[in-house]
Amino acid sequence: MGIRETMGKAGFTGAIAAAILMSATAFLAGAPVPLQGGSGLCLPSPDAWNILTPFSWALNLLLMLGIVGSVYILNKNYAFVPGNDMALPGLLAIMSMSCPWVAGPLNSSTILLAANVASLSIVFSCFKQRNATQELFAIATILSLGSMVQYAFIFMIPAYIAIAATLKCFHFKEVIAFLLGLIAPYWVGIGLGIIPLTAFSMPAISGLFPGAEAPQSILAGLTACAVTALGALVAGLYNSVKLYAGNSQRRLYNVSINILGVLCAFCIVIDFGNMPAYIGTLYLAAAVQFANIFALHNVRRGSWWLAGICTLYAAAFVLTEIQFF
């Protein structure tokens with residue numbers, strides 16, 4: 001028996017339209033008061049790049065749509081969510097754009113999410129591979145380059161070490177390649193004089209709540225983030241039995257994505273001032289688990305439940321924008 005479809009092409013088109021509408025609203029109405037934010041180790045973060053606002057918004061929207069398409073292709077190639085349903089990319093589009101900090105101009109969250117999707121596609125191709133030095137070097141280089149403009153990339157380093165170990169492609173040669181990939185961008189940048197030593201600075205990490213200048217204006221967005229993290233945890237536990245009894249490769253792919261999700265949830269707590277940077281990746285992990293519920297279990301009226309989830313995120317977006325005003 002085939003897997004029941006919960007979001008077809010028509011539903012996916014509606015999800016994309018809703019995501020674009022929320023993005024346009026965030027652009028026209030403005031985002032809530034930002035938190036402290038985070039810079040890179042030696043360069044300004046994307047939030048501080050001097051890009052014309054309309055162009056920055058359009059670039060962010062196109063990048064986000066590209067990420068949604070890439071996640072669909074990634075799942076089609078590696079089937080960590082079984083079936084050809086459009087629930088995963090549709091959920092990711094709605095959930096990500098429901099956060100005004102992500103939906104507006106180009107930002108750290110979208111760039112970190114894009115880097116994670118690219119890195120996952122690379123590391124998934126290394127499953128049980130005896131020689132994955134080039135792939136691990138490439139992932140480390142992506143993370144190293146990203147850390148120059150947003151220190152949140154540093155926290156992804158242990159995640160990909162754990163993911164590579166989980167996928168059984170992290171041997172001694174890969175360790176060396178990974179270390180070289182981390183060092184190479186800085187070595188080249190400093191050696192060519194592109195990055196002066198005076199440009200380096202340590203990130204200012206703030207714990208939960210002290211970094212928020214106006215907590216009342218971010219209550220709805222913060223609540224949605226907390227509920228998402230809790231929901232992803234419950235969904236992951238609910239799906240674990242089915243995944244454990246099924247295809248081992250699919251299970252390990254899901255474990256890898258969960259590692260990123262758990263790390264981002266942890267980072268939001270310990271690095272609250274830089275919270276927006278982690279939201280996109282957290283929502284990716286959550287979208288995978290929510291989509292797996294519909295793919296792995298016989299959910300009655302699944303399409304209605306899925307529509308309800310999307311409506312809740314859209315409502316959270318509206319409440320966040322209302323609180324802003």
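**Helices in their surroundings**

Modeller: Bearing in mind that this is a predicted model, I begin with the helix for context, H3, in which Ala87, Leu88, Pro89, Gly90, Leu91, Leu92, Ala93, Ile94, Met95, Ser96 and Met97 are buried. Because eleven of the eleven residues of H3 (residues 87-97) are buried, this helix is largely enclosed by the rest of the structure.

The helix for the close look is H5, residues 108-124, whose axis comes within 12 Å of that of H10, residues 248-270, the two crossing at roughly 150 degrees. An angle over 145 degrees counts as roughly antiparallel, and H5 and H10 are therefore roughly antiparallel to each other. The crossing in which H5 passes H10 is right-handed, and the contact is made by Asn116, Leu120 and Phe124 on the side of H5, and by Tyr253, Ser256, Ile257 and Leu260 on the side of H10. Sorted by class, the residues of this contact between H5 and H10 are five nonpolar and two polar, with no charged residue. As for the spacing along a helix, an α-helix has 3.6 residues a turn, so residues three or four places apart point the same way.

Ser108 also lies in H5, and with a relative accessibility of 4% it counts as buried, because the cut-off is under 20%. The side chain of Ser108 is joined to that of Gln150 by a polar contact of 2.9 Å. Leaving aside residues up to four places away in sequence, Ser108 touches Gln150 together with Ser45, Pro46, Asp47 and Ala277.

Methods: Residues are numbered from 1 along each chain as its sequence is written. This is a predicted model: local features need pLDDT of at least 70, side-chain atom pairs count only at pLDDT 80 or more; totals for chains, interfaces and linings use all residues. Side-chain values use heavy atoms; hydrogens and water are left out. Buried means under 20% relative accessible area, exposed over 50%, partly exposed in between (1.4 Å probe, protein chains only). Helices (H or I, at least four residues) and strands (E, at least two) are DSSP runs, numbered from the N terminus. Axes are lines fitted to C-alpha atoms, for helices over the stretch in contact, and angles run from 0 to 180 degrees between N-to-C directions. Angles under 35 degrees count as roughly parallel, over 145 as roughly antiparallel, 65 to 115 as roughly perpendicular and the rest as oblique. A crossing is left-handed if the near helix is turned anticlockwise from the far one by less than a right angle, and right-handed if clockwise. Contact means heavy atoms within 4.5 Å. Ala, Val, Leu, Ile, Met, Phe, Trp, Tyr, Cys and Pro count as nonpolar, Asp, Glu, Lys and Arg as charged, and the others, Gly among them, as polar. A polar contact is a pair of N or O atoms within 3.5 Å; within protein, one must be able to donate a hydrogen and the other to accept it, and residues adjacent in sequence count only if both atoms are side-chain atoms.
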